[in-house]
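Let us read a structure together, one feature at a time.

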Amino acid sequence: MSALPDTFPSLSTPASSTLAARAHSVWRRARRGPLSLWLAWLVLAAVALCALAPGLLTHFSPVQGIAGQQLQAPGAAHWLGTDALGRDVYTRVVYGAVHSLSGAFVAVAMGLVLGTLLGLIAGASGGLVDDAIMRLVDVLLSVPALLLSLAIIIILGFGTINAAIAVGVASIAGFARLLRSEVVRVRRSDYVEAAFGSGGRFWPVLWRHVLPNSLTSVIALAALQFGSAILAISTLGFLGYGAPPPTPEWGLLIAEGRNYISTAWWLTTVPGLVVVLVVLSANRISAALHKANA
C-alpha cells in the first residue's frame with residue numbers, strides 16, 4: 001500500500017486549500033533553515049523592493065547622466081560610482097531590478113503554466129497522448145536552452161519581454177517532464193483510486209487530488225528556474241538581444257562596462273555581483289524547498 005500524502009484530501013476539499021496546506025507545511029519546515037537560507041531570502045527581498053519601489057531608494061535618473069561626473073569611483077556622492085555618461089551606477093542597478101525581475105517572473109510563469117498543463121495532460125491521459133507530448137518535450141530538451149532562446153528572440157524581436165518569452169519557452173520542457181513524473185506517481189496512489197472508486201469523475205479528481213499533490217516538487221523547480229531565468233535574460237542582454245540602451249538591464253550594464261574594466265572596474269563588477277547573488281539565493285531557496293518536501 002502506497003504512503004498517504006501529508007495532507008489527506010477529502011472528496012470535497014478544494015484544490016487550492018490542499019495546495020495551500022502543503023505549501024504551509026513546506027514553509028514551516030523551510031523557515032527552520034540555517035543562516036544562509038535567511039540571507040538568501042533577505043537578498044531576494046531587497047531585490048524585490050528595488051523592483052517594486054526604485055524611486056524610494058534613489059533620487060538620481062537611471063538614464064540621464066550628470067555633466068562633469070563621468071567615470072567617478074565609488075564615494076559619498078555616488079555609492080557605486082558613475083559610468084561613462086555620468087549616470088549613477090547604483091541607480092541603474094536598482095532600476096535594473098525592475099526589468100530583470102519582471103522578465104524572470106514572466107519566463108517562470110510561462111514555463112510553469114504551460115509545462116504544468118502539458119505534464120498534467122500527459123501523465124493523466126497516458127497512451128498516445130502521453131507519447132506525443134513527451135516526444136515534443138524530448139525535442140525541446142535536445143536543443144540547448146540558450147540556442148533555443150536565441151532562435152525565438154530573433155523571431156520575436158529584441159526587448160525584455162521578448163527575451164523573457166524566449167527563456168520561458170525554453171523552460172517548458174523541464175516543468176512538463178517533472179510534473180508528468182509526479183502525476184504518474186500520484187495517479188497510482190490508493191487515495192486517488194479510492195476517489196475514482198467512489199464515483200469521482202476524471203477531471204474533478206485530477207484537479208482536487210492529483211494536481212495539488214504533484215506541485216510541491218514543481219514549486220522547488222520554479223524557484224531554481226527563477227535564478228536560471230535571471231541568468232539567461234542577463235546573458236541575452238549582454239549579447240545584445242535583450243533590452244536596448246539606455247535601459248538599465250543588468251546584462252546590458254555588464255556589457256556597457258566591459259570596455260572600461262581596466263579603468264572603471266565597478267561598471268561590470270557591481271551588476272555582475274548582483275546577478276550572482278540573486279541566482280545563488282534562488283538556488284539556495286530551491287534546495288531548501290526540495291529538502292523540506294523530501
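A: Start with the rule for helix axes: they are lines fitted to C-alpha atoms over the stretch in contact, and angles run from 0 to 180 degrees between N-to-C directions. The helices themselves (H or I, at least four residues) are DSSP runs, numbered from the N terminus. This is a predicted model: local features need pLDDT of at least 70, side-chain atom pairs count only at pLDDT 80 or more, and totals for chains, interfaces and linings use all residues. Residues are numbered from 1 along each chain as its sequence is written, and side-chain values use heavy atoms, with hydrogens and water left out.

Q: At what angle do H2 and H3 pack?
A: The angle is about 95 degrees, and the axes of H2 and H3 are 7 Å apart. Angles under 35 degrees count as roughly parallel, over 145 as roughly antiparallel, 65 to 115 as roughly perpendicular and the rest as oblique. H2 and H3 are therefore roughly perpendicular to each other.

Q: Which residues make the contact between H2 and H3?
A: Contact means heavy atoms within 4.5 Å. H2 gives Val47, Ala48, Cys50 and Ala51. H3 gives Val94, Ala97, Val98 and Leu101.

Q: Which residue caps the N-terminal end of H10?
A: Glu249 does, from the loop between H9 and H10. One of its side-chain oxygens lies 3.1 Å from the backbone nitrogen of Gly251. The Glu249 side chain also makes a polar contact with the side chain of Ser100, at 3.5 Å. A polar contact is a pair of N or O atoms within 3.5 Å; within protein, one must be able to donate a hydrogen and the other to accept it, and residues adjacent in sequence count only if both atoms are side-chain atoms.

Q: What is the nearest side chain of opposite charge to Glu249?
A: The nearest is Arg92, 9.0 Å away. Glu249 is buried yet has no salt bridge. A salt bridge is a side-chain nitrogen of Lys or Arg within 4 Å of a carboxyl oxygen of Asp or Glu.

Q: How many salt bridges are there by this rule?
A: Side chains of opposite charge can pair when their charged atoms come close. Here the count comes to eight. In one of these, Arg92 and Glu256 meet at 3.2 Å, N to O. Arg92 lies in H3 and Glu256 in H10, so the pair ties together parts that are 164 residues apart in sequence. Arg92 counts as buried, at 1% relative accessibility. Glu256 is partly exposed, at 26%.

Q: How far apart in helix H4 are Arg135 and Asp138?
A: An α-helix has 3.6 residues a turn, so residues three or four places apart point the same way. Arg135 and Asp138 are three residues apart in H4 (residues 127–142), about one helical turn. Their side chains meet in a salt bridge at 2.9 Å, N to O. Asp138 also meets Arg177 in a salt bridge, at 2.6 Å, N to O. Arg177 lies in helix H6 (residues 160–187), so this pair ties together parts that are 39 residues apart in sequence. Salt bridges that share partners also join Asp83, Arg87, Arg92 and Glu256 into one network.

Q: What about the backbone: which peptide bond is cis?
A: Most residues other than glycine have a negative phi, and most peptide bonds are trans. The bond from Pro245 to Pro246 is cis, with omega near 5 degrees. Pro246 is in the loop between H9 and H10. Leu71 has a positive phi, near 55 degrees. Leu71 sits in the loop between H2 and H3.

How values were computed:
Helix = DSSP H or I, 4+ residues; strand = E, 2+ residues; numbered from the N terminus. Buried < 20%, exposed > 50% of the residue type's maximum accessible area, 1.4 Å probe, protein only. Lys, Arg positive; Asp, Glu negative; His and termini not counted.
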